[in-house]
Each structure stands twice: as structure tokens, then as C-alpha cells.
Amino acid sequence: MTAIVATNETILVVGGGISGMTAALEAAETGKQVVLVEKTAALGGRTSQLYRYFPKMCHPTCGLEINLRRLKANPRIKVLTLAEVTGITGGSGDYTATVRITPRYVNENCTACGECAKVVSTQVDDQFNYKLGKTKAAYLPNAMAYPQRYVLDASIIGTAEAEKAKAACKYGAIDLDQKEETMQIKAGAVVWATGWQPYDAAKIQPYGYGRFKNVITSVEFERLADPHGPTRGKLLRPSDGKEAKNVAFIQCAGSRDENHLRHCSRFCCMASLKQTHYVHENFPEDGKSTIYYIDIRAIDRFEDFYQKVKADSSVTFTKSKVARISLNEATGNPICHGVDTEGYHRYANEHDLVVLAVGMEPSVKGMSIPASVAADSSGFIEADPLNGGIFGAGCATNALDVNRSVQSATAAALRAVQVVNKVARAEA
Amino acid sequence: MSANAQMATKYKNNFLKEVEEQVEMGEWVKMCMQCGVCSGSCPTNFHPGWEHPPQEIFMMIRAGKREEVLTSPSMWMCTSCYNCIVRCPRKLPITHIMHGLANYAHRLGVAPKMQPTRSFAKLFWNNCVKTGRVNELKLSVGLYFKDGLSQGIRNGMAMKDVALGLLKAKRLNPFELFGGHKCKDQNGIHAMLKKARELEEKRKALKAAA
Amino acid sequence: MSAEKKVAAYICKGCGLGERLDADALVNVAQKEGKVQLARSHDFLCSEEGVDLIKSDIANEGVTHIMIGACSRRAKTEAFYFPQNAVARANLREGVIWIRPDTEEARETTQEMAADYIRMGCAEIKAMSAPAGNPNTGSSRTLLVVGGGVSGMTAALEASRTGYPVVLVEKSGQLGGWAAKLWRRIPVHEPFKAPADTGVADMVAQIQADPNIKVYLNATVAKTDGAPGRFEVQIATESGSVATEDIGAIIQATGAEPYDANKLPELGYGKSPDVVDQAGLEALARAANGGPMLKPSNGKPVKSVAFVQCAGQRDAGGQHLSYCSGYCCNASIKQAMYFKDGNPDVDTTILFTDLRTPGNGEDFYRSAQEKGVIFSKGKVASVSPGADALTVNFHDLILDDKDARLEVDLVVLATGQVPNSGVDIEAPNKPQVEGGAADAATVEAKPISILNLQYRQGPDVPQLKWGFTDSHFICFPYETRRTGIYTVGPVRRPMDMAQAREDATGATLKAIQAIENAQLGRAAHPRSGDLSFPKVRLEGCTQCKRCTVECPFGAIDEDERRFPLFNESRCRRCGTCMGACPVRVISFENYSVDTVGSQIKAVDIPDEFSEKPRILILACENDAYPALDMAGMQHNEYSAFVRIIPVRCLGSVNTIWITDALNAGYDGVMLMGCKHGENYQCHFVKGSELGRYRLSKIDDTLKNLNLETDRVRDLEVAIADIEHVPAMINQYAERIVEIGMSPFKSF
Amino acid sequence: MAKKEYAFYPGCSSQRGASASNYLTSVNAMCKTLDVKITEIPDWNCCSASIGYAEGGELPRHVLNARNFALAEKHMPGQDIVATCAACWLGARESKERLEHSSVLLQDTQEALKEAGLNIKAIPEVRHMVEVLIEDLGWNALAAPVKNPLEGLKFAGYVGCQTNRPFGISGENFENPMYLDKLIETVGGEAVPYDQKVTCCGGALAFSEPDKAQAQIKDIVESAYDHGAEMIVTPCPLCQANVEIYQGHINKKYGTKFRIPVLYYSQLMTVAYGGSAKEAGLDGQVIKAPKLEAIAGKK
């Protein structure tokens, strides 16, 4: 059994992405006790799956490294992975959360030596790479994974594969008898930082995601560009592994659309502008990017980044929402059909690859927050006094970029600190 | 003063307002955000003769380009395929707006005179309301002869093979020319439609007067 | 715990180390060469049993210093957590066996590599001690908030709510700032459809009622001295009185001014009273007080209005602001609603090039359309005042009509924000950027300092582009280069009220954190919690001022005798001062010229004829070192001739390390640091840049030593370079073979 | 008693001697096999189709459909209206939707209906025959009567516009609806994937702007051929007619040699259910479908 010491002066942070980690670290570095609960097997969330950040073109893993170092150095934070909050009872200053922990089948003894992966042959979808590739059924979630411990995929439990893995581990780290467990955690305040999910691109029917292999999403494109990704950082398209030199970026794929997401997801324009760099970087001679957009939302200082991309002759901007995509069956190339609305010019442009700048949907949407929390029509958590000691942070509260998510998470940490300080004062 | 001039005067060049009040679904025009998805979705988009796609028409309405919009053949290019409607991110009923604009231009008598779809639409309506049911033969014949007798014969000859094929398949009945299918209560239908038209005109006039 | 230093080395045999390496030999190396008092090996050192062994040695054998030869210092941190002891890690797994082929031929060089790392680890641990924390702490828990607008009021209220006293300084006679001049604000709650109450009056009332918040109106900060936890701030009021407050941390919320519309005569500003900026329209709306808005020229109700977006903004031409202020689209929508909500017959047109209403602003945009606000994508060329109306001439981009015109009663220019950031302390050093505050700073009156910091490096917080004080970091938006001083609101980035409030709340947490850390003598971000701090041996100091000039955080002042005066609570522990010091008198307890220098010297240098060159790599621990680690995890092989030492920052690299290495017979030195320049990725902002500048002078040294310039190579390495780094190393190793072995081996 | 009963709205094209008369023939046969009772709405009138907009205006169009609602409700209370023609279905559904959402429109409609001695109490559900088959009967019921599976025959399921957009069949995808392919497979045929499944045939523009419509039809037929289809199947009378009867013109204009039969789903089902060529209305093909006739000839 996992044991957690928590009191009503503890802050419970739900979600171990950049917002949750930030909220946890900031609160802990202010001297508070924190329990950080993450659904997947490792911390880092969606930002850890990005190759670069706009506008600096730096790597998200760089900030993750710092945050992980902060975390490793801070005994005030207790991290639970493969854990989900299934219920919250009580009120501000006195919550009890029920947390369900899914077995990892690997215990703290794991040294991440990788011997188990060597002997297991079953392959499973690589979730970290948005299923663009496969991974062994005994795997380290990613190169920066914290905790740095392997996971056995549940699908091999009870098979000879699992036994092989167990036999290969010299350190007694594989525990096939692990069962799902449930625990209660006390907390004075809760920071809800469950982040976002990419809008399901298959629902945007005219773009043929799922029907056309060379139509992918922006989050998948990040994995192609990343050296840790399925193509080791080369922009190779899914249908035939050909270099994707002529890439289309379709903005508002699901966002600003009453058939899909009503809100503007804010980050996608910048993400596509950033991704044109990947094309340019990979193919400095003959890379070509086309951005199909309604409005380029390069807000505040980001305008500068937009102007720089605009000055790049390999990037074309077309003010148009692409009407539909068809397929050139002979080449596998997707063809974008539409009208450039600035002066009405029709086009049918063939590209090697189409990247859908998919919108941001709050993860809280469709998932019941086990407490009464106000949400807006898009499913984002609204700041509301009725939420008591539960505070939204990051993309659970709005469509935000990383920078603003971190601000939001830091603010949420303060609100949580206010609650536990009040508890402390009352108890003193 | 022509109906057209009257309306133009009444709305003092506020064409958007005129469209909002007088055109079916016209109140949606202001909601367009100029993404262009409708324009790219239109199947007749790639054919010549299509001057202004829907999104551009909507912008022209906002810009007060009354004459250019109402006399445009563009609205008459609609095949009612509804692609624009299902794709519009703002859920504008674009097909109906285009129909409404065509209808309005037609009502004001400013729609392009030789526009074939306009003629056909008129023929179709008259054909179907006359007896309550469409008489396909009369409709076709009417279409061929819309530009006079000799052109009609030429048109008819050009379509001869099609007609023969249908005739052989018993999907064209020459006797339809003399009577054909009809509703029993034609008088009721006529009275009902007359009333409907009166009511509609009254409502639109009220709006214009306001 | 024993006060005496006792060093123990532990060699792990797990994870294949035992099979690939001769562990007994390594224990021997630790004992004989590393000269540790205790050396042991263990089959599985990170296991409970292994860790207990170490703990027992601490308890029973009096071990104080621990050298662990196992996996990377980034791995198994929970197991090897000995906060009371000095700990060094020799990276035998990711750094040796995982990057070398498991072949018989490779065995010898692999073992040599491991042995060197053991020597280095032993040398390092002997040169360090467990840090005890900065004794020069402060005890003030009061927050100073400079600026009484929405950002400042939010910070004050939030801090008070958290239990910290606040001093709020506002230069004008009342609280509220620009927000107090608004008629309504952009909505922040569902359904995002109509302008909302600003809430400013409520905030002002709350502040006035809060005994924890002391407000100075008509006041400015005359002088700020000290460091986090012990700032001494003088507050001058208009009346001439000066008060002194003890302050723990500072929040600068000095806001922004509208961009001066007088610079836009082509848009009619100044030519007609009916051309106003957004602030002007708010004034009209407040005057109308819910009634019809009146034309300034003749007092008649406005029947038509045009909003010109990006007026003087997003100007790539360099004449005006080049950035987007972010909030103006929503603000114009709100202002158009002022008209439409009162009288739907008023024609309102918003002329824009890209409409920017992120998030649920999209609902606000839709709501405006529903209300009949017309949106036209167009570039406005000019506004010409006529007898009765204004003509807006624009290029309608959708209809591609270059001569589109609009006749209106009133024109509103959305001119955006210019930050009030005080003195640009770096202005003389950097080329003046186009437009904006920087121009204002040089061309117009010299700006007045806001904080009047008594810092060696200048009176205000350093600025980024265009006068904004924002952090450059994406992951760490609150990091300014002045510890314990946080800037919030539009002074650091253009923003609206909602964002400013969120921003101020977050910054308040950071300020409180700074207070707490300063009290405990600990470092702030990014080495938060670090108890080490720079110590200077003043008797050796030559007063060269390099440390005071180079410190990226302005932590070091000069005392009356012109010796460096360290303000430890301002320090971020990057070690740039240590790297800069030519006489090597600055050090940290666990990181010093000696801890690294002794490692360099500990490496066994084979002779000239061995065909085994030695290459020293000094790698930034934040990016390059993790990249090397992950290359190891991927089993990306690289040369066995390299010896890697992590450094806190390239800025901390003292050139003596390089000259010592070359003198000792190393054949090459690679420096791996973060990207510098405009898009720097250095976590200490200027560290890698300063380090590089320093190292650019190394060529002279090489020439003096009669060595090829290729013997030292400076490389930019990012954390994602897991494929590149091994390739860089291997190429360099090949290059060294080409140049030949160092002639200094035999000395 | 029949399994299901509906108020049937055949539409003008399905009348005897009209362009989709063979559709009706096969629908009758199919319904008989499936034990579905369809009763014609007495004295039903034209829906005025989509093209009715120009002359008809708004209210008169809805009033025409409202008359059918009133008649159905009067004579067959409680029964859903089922239409076989895509345009009839769409027109009626649109009117139903608008009348139910606008009290003003409904009030005016009632006033006009009064002139014909009618009045609306409740507007019945308006269904397409395909909806009835899939939703009310279900795939199992559709597969059960298959006697002569259309094995080895390759069909291009041409869905077109108006049974697909804007309402569509529940659960379907506008860009790639699968119900027609599934119907083909249910009766033993093979549905070939091709990329013009939902392309517009030009609709009424086939009459007024033949060049434009025929260019679209060419794309549809060509793609069906290129992807190996032997026949095209559709749920819409205008689609059927446009795609079938202009192939000769297209051949002349583009130098193609198209001659692909275009059928209704109901014809396939009738044949598969063991019906004769006549029962399936195969004699109504302008381009004959000998392969289907061959199966229909089997005993």
C-alpha cells in the first residue's frame, strides 16, 4: 500500500503537466506540503511532448529538467503517478479526496536499466508519440520520465511475457501482483490542473483525418520533429515515409467553430508559425509551408515572431479556411481546396503533408470533476467563490499557452496557500 | 417608381438592414466571419460565371454594394447541395440566404434577365402550383421554349436522345402534355398560396415601413 | 555527526556495471588514488539495503562526505538523498557503460573512463563541503507594491489575504489607475456577451478597509536599498515627507500609458476632436453615463463610428509600435457595444487586419456581430476630417477595394499600450530598438526611475524589448533579473485587466516565496532551495570589478573601499562571479574553482604515444549534461576519450580550468553551454553569454602556449540534442587525432 | 397487420410515367417483402423542391409542405411521413423545423391553410425511406429476406447531397456516409470506395446550366469507373436521373465512353429479395443493368 501523510494544511494538486507541476512546486517552495496526483505514468504532461516552444524555439524538456530538479530537491512534494482523483468530499480547508491508483507492476526498486524491455517482445501503441509508433510492452514512458521507472503494459499481465520481464529483473522491481488501490487524502485546498486534450480531428470531416494518412494533427507533427519521436526528428510522412517538404498548416481545425469548439484555442496560430520553422530547418533548400488561416492571432510580443515568419519566403499565408481535403491517390498527396478570401482566388493545392492545427479542449470537459465546480460553456473551469477551496489552473481554466498556464498555476498556488494559511492560523 | 427604387429609398442605402428585413435568413449575414469555407465548398465554385462566392456577397452586403449584389448571377448558381451549410463554422444557413437573395432580386425585378436558372425556377414553381404536382414533360418543354419557338426546337432536338431513352424506359409519358397528374383540390391550393403570398408581403412591407 | 571530514566512496555493481567494469579495481582506485578513508562496492546500491549501508556508515563510521560511483546524478535521487552530507556522483552508467560498446576491444578504454570518473568524484568530494545556508538573512515579511492600478491593487489584496502586510505606493492622488477611467470592462464570465462593471470601486473599498495594507498616495519610491527580506525603501510623498519602510519583497505594477495618438496625424488625431483614442472614448462613455454619446466637436449624438485597430501598432515599418497590444480588439468590441446597447441604429464598424479575440473572446466577438457591429478586414490609410463627418479611407482586403471609404461621425483609434518601466539600465549598451518606449527613452525626456535601486547595476529592473520588463522564459514567466522584485501587469507585457489580475496573483506568490526563502538563507529560482552561496576571500581581491559588472542579477555592489559587497539574498547561485574572477577568490561550499579544478587534475593522462587523447568537457548541468545523459539512455555511443564535468552555468567557467587542463596535457577542451543572444536559453539569462565572451579570449592563451585554436571548442548544446551531442564529440575526437596529441603531456 | 405503417409521400417524380416511376415500383416490392405498409397521403402536393425558392418565396413554400402535414395528420393520425425522394424529404423536414421554431411562421401558415380548409395540430415526423429501413427495421431485418445475394457485383454507392446534408441519416458522416455501402453489402454486393460519393450532381442546374452540371456528373461517373464499379446506386431520384441520362451527352462532350447503370437501393433490395426484373423496375433503366437482370431472372 502506498502511504501518504496529508493533513488539512496539505495542498492537493491534480494533474502533473506543466501547470500542475508549477502549482505544486511554487506552493512547496513557499513552505507548503503538497500531494501531486498524475493520471499517467510520468510527469510532464503535454508540454513534454512538444519539440520546441514558440517564440524562442527552445525545448520544453529544458524547463522540465529544471522543474524535475526542483522536485527532486524538495521533500515537501509527494508525487503519485497512475493516479486519478475519483471523488472529493468536504469543504474549503477540509477536503478528503479519493484517489485510485492503477498498478504499474514495477516498484521503487526499478533502476531503469532496461533489462525487462530487452526480453519482452510484445509491442503496444506508443502513447507518448500519440500512437505514431510502437513501444515495447515494458517501457519507460519517455526519456525524461519521472519517476524514472519502467511500466508494464496491462495487456501483458497474466501472460508469459510478463513472467519473462519479471525473470529478467535482477532487482525485484517487477511486481505482477500489484492491484488497483484506492486511498483517501486529506487536503485543505485543491488545485485542479488537468490540462487539455487535442480536439478529435476525425470529427472535422472535410479534412479526412483518419481517412487520409498524410493528414495529421499539430501535436503529432511535434512528435515527428522531435529526435525522441518515431522518426527520430525527421519530417517523414506517415503514408510512405517520404520527406514532407511541402507542408500545409490548417488553422482553426476545430476551434472558432460552432460545429466543434466555440472558443479560439489561442495557441494554434503560434504553434503553426513555429512549425514552419521545423520545415525550414529540415529542408533549408526546398522546404515549403503554407498557412491557411482566418485571423493570425500572434498576440502581444508574439507579433514579432509572426513578422519574422512572414518574411520567410518559404512560407505562404492564405486567408482562407480550407473547405475540404481530397487525396491524390497516385501520390498520396492531400489536396486542399478552398478560396483565398482576400480578393477571391480559388485554389486546389497539393501538399506532401497537411497538419491540422487542432484546437484545445479542456480535459475537464466530458470528465466529471468530482466536486461542484463552475465551468463555462466550453467546459473550462471558471473562477467562482462557490468553488470553495478548489482552484483551476492552466488549461483547465482557459485556452492558454505555456507562459500563461504557468502564470495561472502560480496564481492558483497562491489561492491554495491562502486557504491552508487560514487553516494554520485557525489551528495555531 | 420601381419596386427596386422604392426599397432602395426606404432603406436609405443601408443595404445590410434591407437584407436583414427583406431576405429570407438575411439576419444571418452579419454573423459571417469571412473564413471562406462556403466559397471553397460550393460545387459550382470552379465554373465560370460565378462572380462572387457567398462570403464575398456577404461582405458586399455589409459594404453596401446593393446594385452589384442584386444583379449578380452568383446566387443563381446554387445547386442546393448544402455543403456550405454543414461546414460553416458560424452555422449560417448559407444555402437559404443565397436562395433568399435570389428570390429578393427576382421580386424586385433586378435579377439578370437571361439567367437560365431564374427562368427554370419560375417555370418550375408555376408548373408545380398549377395542379399541385410537377408535370415533368411540360416543365422540360417550357424550358426548351423559353427563348422562343425556333430555339426551343433546337433545344428539344439536342435533348432528343435523353427524351427517347426516358420514353423507352416509360419514365416519360407524352400524354402528360394533355393533362397529366394533378391534385384534386387545386382551388384550395391556389387560394392557400395566394393567402400565403399576401401574408408574406404584408409582413415585409411592415418591416420596411418601420 | 562528526565535525571531522570523513570521505567514503561507494561503487555500485548493478545495472550491468559489475559485468562491464572491474569494480574491485575501481574500489582500489578510490582507495589508492582517491585516497578516501572508506571504499566499498555493492551489488545494488540504490536498494534499501545499499542505502542502509551508506546510512550506517554515516551513523557508525562518521562518514561525512559521500562519493557514489553508480548512475547519473539525475537518476535515483530519492534513494541517494543525504541532505546533511556532501555528496558527489561519478556517472558510470549513463556516462560510461551505456555510451560504450560492450566489446572486448572497448573494455580497456571503458574501464579507464570509469576509473577516471572515480578519481574525479573522489577529488571533487574532498574539495567540497555540505552548504550551510546564507547567514545574512532578512526578516521583513512586508510586501511593497509600487502602483495602485488593478495589477497593484490585486497584488496588495492577495498578499494581505495570504497573511502578509503590504505597503502600497501610488504616484497619483487616487487608486484605480487606468481601469478606474473605464466605463465598463471586457466580460470575464459566461456568457461573455456584454461589457461588465470594472469592479475597481469595490477593490478600492477593500483596500481602504484593510488594516494590513498601508497606502501612500501621491508618493514615489525615492530609494530602494538592500536585498530580499531586508529591503530598506524610502517613500517620498508630494508633501515632501519621506517615510522609510522595511520590506521583504517588491512588486512593481507600474502599468502602461496609451501609445501617443499625436504620432498618428494621418489618422486624423489632433486634426479633428472627433478622432479619439480608446481612452478618449471611455471618457466620452463616462460622460454620457449610459445616455447617447456625443460628438466632441458639436455635442450632437454620434450616429456612426469607426474603430481603427492596430493604430500605431504592429508596424513593421519601425515608425510606431511593432508589437500587438493584445487587448485592443476586445476593447473596441466592448466600445462598439457601448453604442449598440444604447441605440442599435448607431452604425459601428471595426476595421481590422487580424481580429484577435482569444479564448472565449470569440463569444464576445459573436455577440457584437449579433448586436450588429460590422467587422471589415481592411487596412486604414487615412482619416480625413470633413465639414460634417470624417472620411475613413481604407483598403478593403476582402473585396480588394483599395479606395474603400466610410463616412462616420466619430473615429476611435486603438493605439495600444506603452509600458511604464522606468530607466532602461542597459540603454547605452544596446542598439535602440524601433519605436516604443525605447525611443521615448532616448529621444524624449529621460525617464524617471521607478524603484531607485541603490544597485551597482542601475536603478531599475532590466528591460527586454520595447521597454517591457517581462521574463524571457516561457516556463518561468516571473523570473526577473532582480531577485525578490517582480513586475506585473502591462509593464511587463501588454495585457487586459483579467490577465493583469491573474498575473498579479501569481507574482504575489513569487514575492511571498522570495520572502520565505530569504529568511531561510536559501536561493530563489532556478536553484531554489540551494543553501550554497558565494563566499569571497577579500584579502586576495584586486578590486577589478568583473564580478560586480558581470553578475546577471545585480547581486554584487561595491563597498566604500570598492571591494565587492555580496548581497546573498539577491544571488541566484549561478557562479558567474566565480567564473569571472581572475584571482579566483570567489567560491561556493560545494562548487568552486577547486572542486572542478581538482577533478581536471585527477584524470590520468596517458602519455603522448598511447594514442589515447583526453578531452575535457565542461557541460552546462541544465541542458548539455541531461542531453548527454539521455544520449546514454539511448545508448548513443561516443568517444571514450572524453571526461565530462557538469558546471552550473557556462558563466561559472573560470578560464584557469582550461589553461590548467591544457597544461596538464589534455588534448582538447569542449565547452557546452546554452544558446545565447536574443533567444537565449540560459537559465541565468546572461550566464552563457558572459561565459562565452570570456572564453573568446582563450585564443590568446592558446597562442601563448603555442597550441592550435582547435584545442578549445565552444559549442551550443540544447537539451534535445541527444543525437547531435555524440556526433559533435566524435567529430571533435577525430579532429584531435588529426591535430595530434598535445605536446604538454610529458610535463 | 403490417410490421410498420407510414403515411407515404411519393413525390412528383415517382408518379406513373414520371422520371422516377421505377423507384416507386421497386419501393413497393421492397416494402411488401419487408412487411412495411405505406399508404399514400391523400391528395398530397408537390414540395416545390429546393428550386422553388425563386418564385415561391418563403411562406408559400412552407405552406405547400404544411398542407401535406395537415393531410397526413388528418387521414393517418400518429403515423410518420415517409418520403422516398431526397428533395421531398428535405423540403418537408425543413418546413417542419422552421414551423416548429417560429410561432409567427406557424400562425401565418395556419391562416393560409384555412383557405384550403385545413389546419395543423401536430406536425408528423418526416422520415426518408432509408431512415425507416435502418432505424425502424434494422440491419438484421434487411438482411433476413435476402434470397439472391448480389455476389460479385461491384457498386459505387452514390449518396449525393440531400439525404446527406444538412440533416443526413443519424450517426452518419457528411463527407463519407457509410449507410449506402452498408445497404449494398447487406444484399451481398461489394461497395467500392471512391472519392465522389457525396459530390453534387448539379441538382436542378442540370436543366438550367447543363454544362456545369454535366462537368460534375462526369467526375462522379469517372471516379466510379476508375474505382472498379459496375453500377452506381443512389437514394435520390434527381441524382439517379442526372447521373444516368446525361452520360450520352457527356460522352460526346468529353470523348468518354460511359455506360454505367444507375440504380436505386430499393431495386437492389428487391432483386436480392428474389423479386423479378419487373418488380424491381429494372425495365425503367435508360442504361440497362444486365448483370442485375441476370440475378433477377434466377428462381
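How many residues does the contact take from chain C and from chain B?

1. The contact takes eight residues from each side, that is, eight from chain C and eight from chain B. Here two residues are in contact if their C-beta atoms, placed from the backbone, lie within 7 Å. This is a predicted model, in which local features need pLDDT of at least 70 and side-chain atom pairs count only at pLDDT 80 or more, while totals for chains, interfaces and linings use all residues. Residues are numbered from 1 along each chain as its sequence is written, with chains lettered from A and ligands numbered from 1 in the order in which they are written.

2. On the side of chain C that touches chain B, strand S16 (residues 374–385) of chain C gives the largest share, three residues. Helices (H or I, at least four residues) and strands (E, at least two) are DSSP runs, numbered from the N terminus. By class, this side of chain C has three nonpolar, three polar and two charged residues. Ala, Val, Leu, Ile, Met, Phe, Trp, Tyr, Cys and Pro count as nonpolar, Asp, Glu, Lys and Arg as charged, and the others, Gly among them, as polar.

3. Between chains A and C, 66 residues of chain A are in contact with 69 residues of chain C. At least two residues of this side of chain A come from each of helices H1 (18–28), H2 (60–72), H7 (303–311) and H8 (402–427) of chain A. The largest share, 13 residues, is that of H8(A). The side of chain A that touches chain C divides into 24 nonpolar, 22 polar and 20 charged residues.

4. Chain C itself contains 19 helices and 29 strands. Its C-alpha atoms fill a box of roughly 95 × 60 × 50 Å along the principal axes.
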